[in-house]
4 protein chains.
Amino acid sequence: MTKRQQIIDTTIQLVAEMGLYATSMGLIVKESNVAAGTIYHYFKNKEDLIKTVYSELREEMGKAFIQNIDNALPYKEKFFLIWKNLFYYFKDNPQKFQFIEHYASSPLEKNEVKEINQRHYQPAINFIQKGIEKGYLRTLPESFIIQLIFAHVSVVVRMILFDETDISVTTLQLLIQSCWDSVRIN
Amino acid sequence: MTKRQQIIDTTIQLVAEMGLYATSMGLIVKESNVAAGTIYHYFKNKEDLIKTVYSELREEMGKAFIQNIDNALPYKEKFFLIWKNLFYYFKDNPQKFQFIEHYASSPLEKNEVKEINQRHYQPAINFIQKGIEKGYLRTLPESFIIQLIFAHVSVVVRMILFDETDISVTTLQLLIQSCWDSVRIN
Amino acid sequence: MTKRQQIIDTTIQLVAEMGLYATSMGLIVKESNVAAGTIYHYFKNKEDLIKTVYSELREEMGKAFIQNIDNALPYKEKFFLIWKNLFYYFKDNPQKFQFIEHYASSPLEKNEVKEINQRHYQPAINFIQKGIEKGYLRTLPESFIIQLIFAHVSVVVRMILFDETDISVTTLQLLIQSCWDSVRIN
Amino acid sequence: MTKRQQIIDTTIQLVAEMGLYATSMGLIVKESNVAAGTIYHYFKNKEDLIKTVYSELREEMGKAFIQNIDNALPYKEKFFLIWKNLFYYFKDNPQKFQFIEHYASSPLEKNEVKEINQRHYQPAINFIQKGIEKGYLRTLPESFIIQLIFAHVSVVVRMILFDETDISVTTLQLLIQSCWDSVRIN
DNA sequence: GATGAATGAGACTTCATTCAT
DNA sequence: TATGAATGAAGTCTCATTCAT
C-alpha cells in the first residue's frame with residue numbers, strides 16, 4: 001500500500017472514531033507509520049487532507065448507490081434498490097459513514113467543496129427529477145427530497161450501528177417503505 | 001443579566017456560527033465581557049459549559065414542542081401541531097438549532113448526557129407509543145420514529161435557514177404531510 | 001475554634017500532605033470552611049500565611065525541645081533529653097514536621113524570616129556554646145552543630161514516618177548515641 | 001550541544017536558583033533558546049523533564065562518589081574518600097546539588113522514581129553492608145546509615161555554599177571525622 | 001468580621017506546519 | 001520520496017487576590 005493510501009485509511013479510521021478535531025496530524029503520523037513531512041508531501045495541509053478524503057468517499061458513495069440499477073425496472077423498485085445500495089454501503093463501511101457524518105456537520109462543509117462534489121449527486125438529481133416529472137414523486141425541490149432520503153437512511157444506519165443490533169430483511173422493507181411513503185405521490 | 005447567562009448566550013451564538021471547536025474559551029471571554037476565570041467559576045471546564053448549555057436547550061426544546069397541545073384533538077392534528085411547534089422553535093431560534101446540531105454531531109454526544117436528557121423526551125415517547133397502540137402509527141421502535149421525525153424537521157429547517165428563503169403555509173402543510181406519511185399506518 | 005485557627009490548621013495539614021505549591025488558596029478555602037476573603041482578612045497574602053504558620057510552629061518547637069530540662073543534670077544527659085524532646089515533638093506532630101521540612105526547603109526560607117526566627121534558637125545556641133566552652137563538644141561553629149543535630153533527628157523521624165514502623169527505646173538510645181558521637185569530644 | 005542538552009542544562013540552573021515551581025516552562029524556553037514545542041518533543045511534560053534530569057544527576061552522582069576508590073585501602077580510609085568524593089561533587093557542582101535538594105524535598109520524590117534510582121545506590125549499600133559485617137560500623141539499617149551520611153555531607157555543603165566561605169583541609173578532616181564517629185563502632 | 005463572585009496574568013501543553021537532511 | 005526535529009501561536013485552565021455586600 002502506498003504511503004498516500006496509508007494516510008487516507010488512517011485518517012478515515014481516526015476521524016470516524018474520534019471526530020475531526022480530535023484527529024490531530026500527530027495522531028495520524030503515529031497511527032499511519034508515516035512521517036509528518038510525508039503527509040505534507042501529498043496534501044497541502046490538514047484541511048486539504050480531510051477534503052480530499054471526503055471527495056474520494058463521495059465519489060465512491062456516488063458510484064455505490066447507482067450500482068446494479070436496471071433502468072428497465074419500475075420506478076418504485078429502482079427507488080427501493082437505490083435506498084438499499086446506499087444503506088449497505090454505509091452499513092458495510094461504518095467508518096466511512098461516520099467520516100462522512102462528521103464532515104457533513106463540520107464547518108468545513110460550508111465551503112466550496114459542496115459544489116465540487118455536486119457532480120457526484122447528478123445521477124441522484126436526475127433520478128428524483130424524473131420521478132417528479134412522471135408523477136411518482138411529490139412536487140418538492142429535488143435537493144430537498146434528496147436530503148430527506150439521505151437523512152432517512154442515516155437514521156436507520158445510525159440505529160443499527162449504535163445499537164449494534166441487526167435488522168431482518170422484512171423490517172428493512174418496512175423502513176424503505178416508510179421512506180418511500182414520505183416522498184411518493186399519494 | 002447575570003454573568004452566567006452572558007456566558008451561556010455568547011456560547012450559543014459562537015458555537016452556532018463557528019462550531020464547537022472554533023469556539024475557543026478565549027473567544028467566549030472576549031465576546032461575553034467576562035473574565036476567563038469567571039467561566040470556570042460557573043462551569044468546571046469547556047466540556048461542562050457546552051454540556052450544560054445543551055442540557056438547558058434540550059429542556060427548553062422539550063417544553064416548546066408539547067406546548068398548546070389540546071389532548072382532545074384527533075391524533076393526526078396533534079401530530080401536525082407538534083411538528084409545527086418543533087419547527088417554529090428551531091426557525092425562531094436558529095442559533096439554538098445550530099448549536100444543537102453541532103452538539104449532536106460531536107463526540108461529546110456519545111457520553112452520559114444522553115440519558116440525562118432522556119427525560120425531556122418522555123412526552124414525545126408517550127405520544128408515539130400511544131400512536132402505535134391505537135393503530136395510527138407503524139409498529140417500529142419509538143426512539144426510531146422520534147429520530148425520523150426529528151431528522152425530517154431538521155432537513156426542513158436547514159433548507160429554510162441556509163437558503164434564506166421562507167416557506168408558505170401551504171408548502172409547510174405539504175412537508176408535514178410528508179413526515180406524517182412516513183410514519184402513519186397506510 | 002476561630003476562623004484564623006481553622007485556616008492555620010488546614011494549611012498545616014494541606015502543606016504536609018501536598019507541599020507548598022500544590023496547596024492553593026482555593027484548596028485552603030474549600031477544606032477550612034472559610035471564605036477566600038476571610039483568609040485575606042487575617043493574612044496579607046499566601047506568603048504571609050505560610051510564614052506566619054511557620055513562625056508559630058518554630059516557636060512551639062523551640063519551646064518543646066527545652067522542656068523539662070533540669071539544668072542540674074550532666075551535660076550528656078541534657079543532650080540526650082533535648083534530642084528526645086525534639087524527636088517526640090516531630091513524631092507526635094508528623095504534619096507539623098512535614099510542614100517544617102517543606103518550608104525549610106522552599107525558596108521562602110531564603111528571606112528575612114530566618115533571622116526573625118533566630119531567637120527561638122537562642123536556648124539551643126547557648127546550650128551548644130556552653131558545651132564547646134566546657135570541653136564537651138568539638139570546636140565547630142555552633143550553627144553548624146545545630147544543623148547537624150537537626151539533620152540527624154530529621155533522618156530518624158523521616159525513617160519512622162515513611163516506613164511506618166516504630167522503634168524500641170533501646171534502638172532510640174543507640175541513635176541518640178550516634179548523634180552524640182558525631183559532636184562530642186573524643 | 002544538542003537541544004535536549006540545552007534544555008536539561010537550563011533546567012538544572014533555573015531549578016537550582018529558583019526552585020521547582022518558580023521554574024516555569026516559559027522560563028526554560030526563554031533561557032534555553034529553544035521553542036516550547038521542542039521541550040515536549042523530548043519530554044512528555046514538566047514532571048517528566050524534572051524527573052529525567054534528576055535521574056541523570058543521580059546516575060552521575062552515583063558514579064562520582066565511588067570514583068578512584070582503591071579496594072585495597074583500609075575501610076576507614078575508603079569511608080573518608082567516599083565522603084570527600086560526594087562532598088567535592090556537590091561543591092564543584094553547586095547547581096546540581098541544589099537541584100537534587102529541591103527535588104528530594106518535593107512531592108515528586110514520593111513516586112516510583114525512588115526505586116528506579118535505587119540501583120545507583122547499590123555500591124553504597126554494599127559498602128555499608130560490608131562495614132557492618134566486618135564490625136567497622138554500627139548495626140543499623142543500611143539505608144538509614146546512608147541517609148545519615150548524605151544528610152551530614154549536605155549540611156557541610158550547604159554551610160559552605162550559603163556562607164560563601166571556604167574550608168581548610170584540616171577542618172574538612174574534622175568534619176569527616178564527625179561523620180565517621182556517628183556511624184563507626186566505638 | 002465574613003462572604004464569594006469576579007478578575008486576569010500566566011502556567012502548561014497541543015498542534016499544524018516547515019525545512020534541512 | 002521520506003524523515004522527524006524544531007517551531008511558536010494559540011488553546012485550556014489555575015490561582016492569588018480584590019471588592020462590593
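Visitor: How many residues do chain B and chain A put into their contact?
Guide: This is a predicted model, so keep that in mind. The contact takes 25 residues from chain B and 25 residues from chain A.
Visitor: What area do chain B and chain A bury between them?
Guide: About 2200 Å². Of that area, 67% is on carbon and sulfur atoms.
Visitor: Why talk about area at all?
Guide: Interface size is often given as the accessible area lost when the parts come together.
Visitor: OK, new topic. How many salt bridges are there between chain B and chain A?
Guide: Two. One pairs A:Arg138 with B:Asp181, and their closest N and O atoms are 2.6 Å apart.
Visitor: And how many residue pairs are in polar contact across that interface?
Guide: Five, counting pairs with both residues at pLDDT 80 or more.
Visitor: Which helices of chain B supply at least two residues each to the side that touches chain A?
Guide: Helix H9 (142-163) and helix H10 (169-183) of chain B.
Visitor: Which element gives the most there?
Guide: H9(B), with nine residues.
Visitor: What kinds of residues make up that side of chain B?
Guide: On the side touching chain A, 13 are nonpolar, nine are polar and three are charged.
Visitor: Now chain C. Where does it lie relative to chain A?
Guide: No contact joins chain A and chain C. Their closest C-alpha atoms lie 30 Å apart.
Visitor: What about chain B and chain C?
Guide: No contact joins those two either. For chain B and chain C, the closest C-alpha atoms lie 12 Å apart.

Definitions and conventions
Residues are numbered from 1 along each chain as its sequence is written. Chains are lettered from A and ligands numbered from 1 in the order in which they are written. This is a predicted model: local features need pLDDT of at least 70, side-chain atom pairs count only at pLDDT 80 or more; totals for chains, interfaces and linings use all residues. Side-chain values use heavy atoms; hydrogens and water are left out. Contact means heavy atoms within 4.5 Å. Buried area is the accessible area (1.4 Å probe) that two parts lose on being put together, summed over both. A salt bridge is a side-chain nitrogen of Lys or Arg within 4 Å of a carboxyl oxygen of Asp or Glu. A polar contact is a pair of N or O atoms within 3.5 Å; within protein, one must be able to donate a hydrogen and the other to accept it, and residues adjacent in sequence count only if both atoms are side-chain atoms. Helices (H or I, at least four residues) and strands (E, at least two) are DSSP runs, numbered from the N terminus. Ala, Val, Leu, Ile, Met, Phe, Trp, Tyr, Cys and Pro count as nonpolar, Asp, Glu, Lys and Arg as charged, and the others, Gly among them, as polar.
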